[in-house]
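Dear colleague,

Please read the notes with the coordinates open.

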Amino acid sequence: KAGVTQTPRYLIKTRGQQVTLSCSPISGHRSVSWYQQTPGQGLQFLFEYFSETQRNKGNFPGRFSGRQFSNSRSEMNVSTLELGDSALYLCASSFRTGDHFIYGYTFGSGTRLTVV
Amino acid sequence: AQRVTQPEKLLSVFKGAPVELKCNYSYSGSPELFWYVQYSRQRLQLLLRHISRESIKGFTADLNKGETSFHLKKPFAQEEDSAMYYCALDEATASKLTFGTGTRLQVTL
C-alpha cells in the first residue's frame, strides 16, 4: 500500500512569491491534514480537509490556504511568502467513518520550504 | 484550549536502562492520545495509540485520566530507540492533532 506522497521534497522561494505544495493521501483515506514544523514552534496544525471540504483550521493567517480534490489529493498554497514561512510542511492522511477514527494519522515525508 | 506538555527536551539514558518519556495533556473532552516517533532523516511515524493498548518495539503507554498523563515507557532502552518522540492529542470529533514540543531520546552505550 503506497504511503502519503508529498511533492516537491524541497523548495526555495523568494519573499513575496507564492508556493503550492501537493499531497496524495493513502488510497481510501478521505481526510487530509496539513502541519507546519519549525524548530521554534514545533508541529502546528494548519487545516484539515474531508471530502473536499475544509472542516478545521489552525491559527494561521489567510495567506495559508488549501483545497482538496475529488480524488482526495490536497494542495496547500502560501501567498506573499515571508522569511518566517520557512519550515517543513507535513501532510497526514487518516481514515474515518463518520466520527469513528479507524487508524492513526499517516504522515508524508514533507516539503521543506526555504524562503530567502 | 487543548494542550500537550512534554517537560523534557532531551532525555539521555544508557543502553539497557529503563525509559520514561513524560506527557501531560489538558483537554475538556474525551481525548485520543498518540505517541509519534521521528528517527533521523525519516518521516513521523505512529508508535502507539492509547485506544489500542498495545506494545510496539517494547514501548507501552497508559492513559491516566486522573493525572491527565500518557507517559511512554520501555523497560530496557536500545540504541535504535534514539529518536525524537512526540506526544499528540486528537480531539474527539476533529481531525486535528495537537502536538507536544517533543523529547529527544538519546541512548548511549
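One aromatic cluster is formed by A:Tyr35, A:Phe45, A:Tyr105, A:Phe107, B:Phe34, B:Tyr36, B:Tyr86 and B:Phe99. This is a predicted model, in which local features need pLDDT of at least 70 and side-chain atom pairs count only at pLDDT 80 or more, while totals for chains, interfaces and linings use all residues. Residues are numbered from 1 along each chain as its sequence is written, chains are lettered from A and ligands numbered from 1 in the order in which they are written, and side-chain values use heavy atoms, with hydrogens and water left out.

Over all chains there are 12 aromatic pairs (rings of Phe, Tyr and Trp, the last by its six-membered ring, with centres within 6.5 Å; planes under 30 degrees apart are stacked, over 60 edge-to-face, the rest tilted). The ring centres of B:Phe34 and B:Tyr36 lie 6.0 Å apart with the planes at 40°, so this pair is tilted, and both residues are buried (under 20% relative accessible area, with exposed over 50% and partly exposed in between, for a 1.4 Å probe and protein chains only). B:Phe59 and B:Tyr85 also make a tilted pair, at 5.6 Å centre to centre and 45° between the planes, and B:Phe59 and B:Tyr85 are both buried.
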